[in-house]
Amino acid sequence: MTDASPRGRLSIWGVLAGVVAVSAVLVVLAAWISGEEGDPQRTANPPSEVEAQADLAPKVALFGDTVRAHVDVVADATRVDPDSIRIAADFAPWEIVEKPERRQTSAGDLAYVRTEYTLRCLSSTCIPPGRSTTYQFDPSRVSFARVTRTVPDEDSLRVPWPSFRVLSRVAAADLQNNPRSSAPWQADVVSLPATSFRLAPGRLVAVLLVAALALAAGALGLAAAAWPRREPAPPPPPPLPPPKPMLSPLEQALVLLEQSVRHDGVEEQRRALELVAEELETAAWGDHTLASAARRLAWSEVAPPIDATSDLAARVRAAVDLSHVASENGDGRAT
């Protein structure tokens, strides 16, 4: 019996070890099978290509406060074009008081797009009827376009907004204690920012003064340029040249007798000879011999030859001082 008991104990420990080993194998097989069964399910239901979430802050605000809302979108950049993501939101009766801000970043194959809105409502429709009221905006629509080899496939999803509360700035008890009060809100002037200037008032005054002086100097310069200038008097015209002295009748007759061509005909030559004879006979400085020669040519039967008249004119010029003849009378005629 002493030999049987150790063998019995060894067989029991062997059975227990076999049970433990089989149990471990079964656990491993069960885990592997569950994993194999989970993979087809994940393959059949792949992760979403676009996920969006909307939120706003603060969740509890006073009437007239500013509420900031944002929509966060995470997209698979390999399946969705991040630049095509657009948000369509309606916050009525609240108003968007600033331009929505869009920020887009990427990390690997994921793209993150956040669109922020600044909301405020000061109209009577946003006054809480009691102590507070709850707002629930309509769901926003997130539209996007899938990246394909042909035409992008556009799609969209709806994103709900969380609710938030707006509290009145005046309690009902305050209105009952002061029935004359007609304003259902209170202003907190302490929270207003301090007055700031882009340009200090003193510096602005100096800049304006300098600008005014520059404009005044420019106006004076334009006025001086446009002022009519007094032109200097023109110089007197140069004196006219003295008139040529008029020829006396005797000189005119001599010029006519000296012409080689008788432009005025024989009659003019005869009258010129008669004039020379008359001048030489009547003047105190005359020469009767030359006067007789001139009269003979004037009354000759044939036309006086040019050589004879020219010779007579030369003899008269040699015998008579013609300047003395012209000075005896202002008109050039001898007395």
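Modeller: Happy to! The protein has 8 helices and 11 strands, where helices (H or I, at least four residues) and strands (E, at least two) are DSSP runs numbered from the N terminus. This is a predicted model, in which local features need pLDDT of at least 70 and side-chain atom pairs count only at pLDDT 80 or more, while totals for chains, interfaces and linings use all residues. Residues are numbered from 1 along each chain as its sequence is written, and side-chain values use heavy atoms, leaving out hydrogens and water.

Now to your helices. Helix α6 (residues 288-298) and helix α7 (residues 306-319) have axes that come within 11 Å and cross at roughly 160°. Axes here are lines fitted to C-alpha atoms, for helices over the stretch in contact, and angles run from 0 to 180 degrees between N-to-C directions. The crossing angle therefore makes α6 roughly antiparallel to α7 (angles under 35 degrees count as roughly parallel, over 145 as roughly antiparallel, 65 to 115 as roughly perpendicular and the rest as oblique). The α6 and α7 crossing is left-handed, meaning that the near helix is turned anticlockwise from the far one by less than a right angle; clockwise would be right-handed. On the α6 side, L290, A293, A294 and L297 meet A308, L312, R315, V316 and A319 of α7, with contact meaning heavy atoms within 4.5 Å.

Helix α7 has another partner: α5 (residues 265-282) packs with α7 at an angle of about 25°, the axes lying 12 Å apart. That angle makes α5 roughly parallel to α7. The crossing of α5 and α7 is left-handed. Here Q269, L273, V276 and L280 of α5 make the contact with T309, L312 and V316 of α7.

For context, let's turn to the strands. An open sheet is formed by 3 strands in the order β2-β11-β8, with mixed pairing; two strands pair if DSSP finds at least two bridges between them. Its edge strands, β2 (60-62) and β8 (132-135), each pair on one side only, and the twist averages 30° from one strand to the next. Strands β8 and β11 (residues 164-167) run antiparallel and are joined by 4 bridges. In that pairing, Y135 stands opposite F164 in β11.

T118 is buried, at a relative accessible area of 7% (buried is under 20%, exposed over 50%, partly exposed in between, using a 1.4 Å probe and protein chains only). Leaving aside residues up to four places away in sequence, T118 touches T66, V67, R68, E95, I96, V97 and E98.

Two proline sites are worth checking too. The peptide bond joining A57 and P58 is cis, with omega about 0°, and P58 sits in the loop between β1 (50-57) and β2. Another cis bond runs from A92 to P93, with omega near 5°; P93 lies in the loop between β4 (86-88) and β5 (95-96).

Finally, zooming out: 23% of the 335 residues count as buried. Of the contacts with a separation of 6 or more, 64% come from residues 24 or more positions apart.
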